[in-house]
Amino acid sequence: MRWTQTFIPTLKETPAEAEITSHKLLLRAGLARRLAGGLYTFLPLGLRVLRKIEAIIREEMNRAGALEVAMPCLQPPEIWQKSGRYQDMSEVLYHVYDRAKKEWLLGPTHEENITVLVASEINSYRQLPKNFYQITVKFRDEIRPRFGLMRAREFVMKDAYSFDVDERSAEVSYQKMYDAYVRIFERCGLRTIAVEAHTGAIGGSFSHEFMVPAESGENEIAFCESGKYAANVEKAVSQGPLIPTPTASTGASPEKFPTPGVLTIEALAQPPYNVPAHHQIKTLVYIVESKPVVLLLRGDDQLNEAKLAGALGTVLLRPATPEEIYELLGAHPGSLGAVGVTHVPVYADLALRGAAGMTTGANQDGFHLRHVDIARDIKVTRWLDLRTVKAGELCLATGLPLKISRAIEVGHIFKLGTKYSEKLGAVFLDEQGRPRPAVMGCYGIGVTRTLQAIIEQSNDKDGIIWPMSVAPYTVCITPLDVTPGGRIMSIAEQIYRQLIESGVDAILDDRDERPGVKFKDSELVGFPIRVAVGEKSLANEQVEIKPRAGQLMLVHKTEAVNRVLELIKRAN
């Protein structure tokens, strides 16, 4: 490809909309352009990268035994109502209506669709296992689209769905996908960490996320330096708080004392009260599937909503309003407690088990209670892991301190069990002729997000540093004089033709621009290898070869192609 025959609108300045490095470079390198919030048009270079990522995904999915299909993006709401996700995922669903005013959904994912297909086509254990995948556009009504392709309304996703006869077989399918994901991201040049994760609205019993460590990431992961444990903070556990929970009872009964204007944990820790945060019980009220529950944590801990949702088996939960709280407990936030509360379920975090000599709200505005012993004074309905782990807490698996880091999620795999197959009728007859629901798994990769994650992880002050496997072009030949028929241009075109004949993805920068402009654009776009042909080097019968993140080398013009091929072979 010749530069003048394609479309690479590089930018010197960063558009105001771009917030993070990868978003800035995505736009400046001419890979994509914004149409509206969360909607992007891929330009020729960006599309080439996208297609190369998709090709790697296809190769590895096929290698793992998955079968490619193509499902409609438009889906009937009835199948979502049957699965129960019409309400669970209502906040992200796009609803559209045809000329007859009939409702349809733009698919954010395809569990329902594929399960309906399997229900109608597979009826015997002899037809299993099966794993179907597709690479297609998804739609999600993001509340706040941001960071370019990281959180978009429309995006490209690879989603796969496995169907097995039992849990043991499903484990095999899950491991195949896990291994395939490791290979996919390695081939894309991404450094990822596989972490245990919350299953969310997708459901299921277990999942892993593939995370790219990055300060711009919207997720946080907890991990142990040994490499033996890593989890999303929504799922992460530890040996507990570094400061032990008080367990020594004062022996006294709960005593009410005035705390006018004290509405926070921090305020109660200050003089004249001086109650340390870990000596306090934090009381929260949530509405879970339209019913109130009271949640208790140590004062220095934060509620992990994902853990709460997982423990209660629902995503339909929210914090109660001040009005709902007052009606339930007779006090406003800041003065809440669970002493004497019996008319509503009370869920307490495990870190409070055995806590004694604690202080909590008195359910009377402006008052608190001291000398509270959990076992004696509060009727706990269930003990749950509700807290978010903190950096430095000890790992359950190794005993080493946990670290917390931000990361970008690029892939997620789930053990779904029979949640969808039971509700949507994906039933087969086993060897004894008995009907059984298929055991499912689902496996997603954000293809467009993966593209931007590569940029986020591989860049420098000059621009993108593409891995050769996904670069829009592997080699950029840069003649510094493009006069037709001139010696410089003739040698550049000869090198270009030889590389193309050798199967190398090359672009010839035939623009009549200053060398500095060409070099800057080449580095901004991030071509892995640049071959510069100029009068100065040709005076010694040499050309310049510059790996994007390496040292410039001078080689004889007749050896240029072989040296480039060596660099490519070495990288692969």
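Predicted model: local features only at pLDDT ≥ 70, side-chain atom pairs only at ≥ 80, totals over all residues.
I began with Pro129, which I found in the loop between α5 (111-121) and β7 (130-139).

I placed Pro272 in the loop between α7 (265-269) and β14 (281-288). I noted both bonds since, as a rule, most peptide bonds are trans.

Next I looked up backbone phi values. Most residues other than glycine have a negative phi. Glu289 has a phi near 50 degrees, a positive value in a residue other than glycine, and I located Glu289 in the loop between β14 and β15 (291-298). I checked its accessibility as well: with a relative accessible area of 48%, Glu289 is partly exposed, because the exposed class begins only over 50%.

A positive phi turned up at Glu541 too, near 60 degrees and again in a residue other than glycine; Glu541 sits in the loop between α15 (535-538) and β30 (542-547). I recorded a relative accessibility of 27% for Glu541, which therefore counts as partly exposed, the buried class being under 20%.

I turned to helix packing. I saw that the axes of helix α1 (residues 21-28) and helix α12 (residues 447-457) come within 8 Å and cross at roughly 105 degrees. Angles of 65 to 115 degrees count as roughly perpendicular, and α1 and α12 are therefore roughly perpendicular to each other. On the α1 side I listed Thr21, Ser22, His23, Leu25 and Leu26, which meet Leu451, Gln452, Ile455 and Glu456 of α12. Sorted by class, this contact of α1 with α12 has four nonpolar, four polar and one charged residues.

The largest nonpolar core has 58 residues, and Leu451 is one of the three, with Ile53 and Trp466, that touch the most other members. Helix α2 (residues 44-63) gives the most to this core, with seven residues. I also noted a second, separate core of 26 residues, with Val482, Leu499, Val504 and Ile568 among them.

Which residues is Leu451 in contact with, leaving aside its neighbours within four places in sequence? I listed Leu26, Phe42, Gly46, Val49, Leu50, Ile53, Leu149 and Trp466. Leu26 in this list belongs to α1, while Ile53 and Trp466 are the residues I had already noted in the largest nonpolar core.

Technical notes:
Residues numbered from 1 in each chain as written. Heavy atoms only, no water. Axes fitted to C-alpha atoms, helices over the stretch in contact; angles between N-to-C directions. Helix = DSSP H or I, 4+ residues; strand = E, 2+ residues; numbered from the N terminus. Parallel < 35°, antiparallel > 145°, perpendicular 65-115°, else oblique. Contact = heavy atoms within 4.5 Å. Nonpolar A, V, L, I, M, F, W, Y, C, P; charged D, E, K, R; others polar. Core = buried A, V, L, I, M, F, W, Y, C linked by side-chain atoms within 4.5 Å. Buried < 20%, exposed > 50% of the residue type's maximum accessible area, 1.4 Å probe, protein only.
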